[in-house]
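Hi everyone, thanks for making the time.

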Amino acid sequence: MTDERKNPENSSPKPEEGSDLLRVEDLSVAFPLQAGGEKTVVKHVSFSLKEGEVLGIAGESGSGKSMTALAVMGLLPENAIRRCGSIRFDGQMLCKDAETKRSFKTVRAEKQAEERVRQELSGSKMTMIFQEPLTSLNPVMTIKKQMEEPLLLHTKLSAEEREAAVLAALRKAELKHAKRLLNQYPHQLSGGMRQRVMIAMAMINRPRLLICDEPTTALDAVTEREIVSLIRRLAKEQNTAVIFISHDLSVLRSLSDRVMIMKDGRAVEEGTTERVFEQPEQEYTKTLMKAAVKGAKESTEQPDSAETVLSVEKVSVVFKRSNGLFRVPELKQAVSEVSFAVKKGEIFGIVGESGCGKSTLLKAVSGLLVHYEGTIWRKDGNVGVQMVFQDPYTSLNPAKRVGWILEEPLRLNTVLTKEERRRIVGEILKETELPADVMNRHISELSGGQRQRVAIAAALITRPELVLLDEPVSALDVTVQAQILELLLRLQREHALTYVFVSHDMAVVRKICDRVMVMKDGRVVECGATEELFLHPKESYTKRLMG
């Protein structure tokens, strides 16, 4: 095996010397394979970061973005093999080359010293915000207790001083009614509120380095802008350096001072944000920029004579939310008297902030939610309706192979023979541009884009007329997102499908939808032709949503 480290073309350029807060040189991360050997997921990456600077890291899924950040924080999985020239933070050595020959006693002492330094720095001088706050926050601890943890570990504040610091941090994170939040649990907060709590907790000890790993991926457009603005403001106020990882290039462009592009574990390009976006040097960077969803959908007006396949009239959904064993349940109006109709061959978009009722309405339309008021009429009842969810990893059976997952709807809904079912599975794999050997693999063995293609194939295999799509591309990087959107448009044209498309990504909605309905607090704010709505929104909320 050749030593890639001797080939300068295989390494990212070394950062220039200077007053760097963080300096990473020649970082590699690998994982052992069951069959022997190892797979390297980060390959000789070098970069530096100055105090108060924002470095954006972009790249496709599997490019090594998150692993690079986890290596800096010392949070790699136990089986990870980390190799590095060095990682220095504020002059302190966090990691040195593991390949240098040293005695076992010396290596053990160095690891113990490194662990002590990291424990001292993590949560005080270095901190990290993850993509999904609901899985990062402890579900059985109140917000107050969780936010006090960094203070308990790194300060000697009294209980009163800690509570005051927590309230101040929550208010700085622009959370209203901060005192009321102290005794609430993560599940009682909206997605945007949970992310603000994570930011408040990360910034409570005024860290010098903040790492954000896809913190806005699951947020709507309005909340995303607010979160990015909040991170920018807090970082500037506290002179905190930020590493911001995202597949959303527009977010990186608005936030970052410099950008590093990663592919297959390597840093393929780095430079000022303006230079990388305006004059990219590498072909991969150019491809990444072109893949970003832009512009409007080509006009495909539906004739007035087109038949209606879905009619929703004055639909309302109310949920009962428990306030404790002996308390009266609280009623929450999730959807309030919503009406719309969708014609054959149309792509109808539904947009709005998190908690506006989009997904609840879609579940009622699909038949998954049966307790609602009003009328929902579907041309072919439940038979002709299928749904594609945001996360195929949780919506598809992880214990079964793809072939079984795709064949199951045919087994349940048709009288086809096994050979006929297998033939149809093969055809749908071709239509969704999946290789035939995917049939024998589990969902966990596929990439994010492949998993979403399987979810689309599973929805289309019974040839429904109406397909409901709930945030089908929000968790995908820009190149895969573009591929999935093109696939959906092609399948819609070829099979005269009708889509109801829920999304918080305005660029995606503009690119794919014929008409758009805007929702807020469970109600319809505005509805009309997509381009008309984007160019001439009538309501102030719609204007804010369109940005």
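Let's start at one spot: Gln386 stands opposite Val467 in β17. Those two positions belong to a pair of strands, as β16 and β17 (residues 466-470) pair in the parallel sense over four bridges. By pairing I mean that DSSP finds at least two bridges between two strands. Strands themselves are DSSP runs of E with at least two residues, helices are runs of H or I with at least four, and both are numbered from the N terminus.

Before going further, a word on what you are looking at. This is a predicted model, in which local features need pLDDT of at least 70 and side-chain atom pairs count only at pLDDT 80 or more, while totals for chains, interfaces and linings use all residues. Residues are numbered from 1 along each chain as its sequence is written, and side-chain values use heavy atoms, with hydrogens and water left out.

Now the sheet. Which order do its strands follow? It is an open sheet of six strands, β16-β17-β18-β14-β19-β20, with mixed pairing. At the edges sit β16 (385-388) and β20 (523-529), each pairing on one side only. On average, neighbouring strands here are turned by 15° against each other, direction ignored. For angles, axes are lines fitted to C-alpha atoms, for helices over the stretch in contact, and the values run from 0 to 180 degrees between N-to-C directions.

Two helices deserve a look. Helix α12 (residues 358-366) lies across β14 (347-351), β16, β17, β18 (498-502) and β19 (515-520), and runs at about 155° to β17. Helix α16 (residues 448-460) lies across β16 and β17, at about 175° to β16. Contact, by the way, means heavy atoms within 4.5 Å.

Zooming out, the protein chain has 20 helices and 20 strands. Of its 547 residues, 51% count as buried, where buried means under 20% relative accessible area, exposed over 50%, and partly exposed in between (1.4 Å probe, protein chains only). Among contacts between residues at least 6 apart in sequence, 69% join residues at least 24 apart.

On to the charges. Side chains of opposite charge can pair when their charged atoms come close. We call it a salt bridge when a side-chain nitrogen of Lys or Arg is within 4 Å of a carboxyl oxygen of Asp or Glu, and the structure holds 37 of them.

One of them joins the side chains of Glu174 and Arg233 (3.2 Å, N to O). Glu174 is in the loop between α5 (159-172) and α6 (178-181) and Arg233 is in helix α8 (residues 221-238), so this pair ties together parts 59 residues apart in sequence. Glu174 is partly exposed at 39% relative accessibility, and Arg233 is also partly exposed, at 26%.

Is Glu346 buried or exposed? At 4% relative accessibility, Glu346 counts as buried, whereas Arg515 is partly exposed at 25%.

That's my tour, so over to you for questions!
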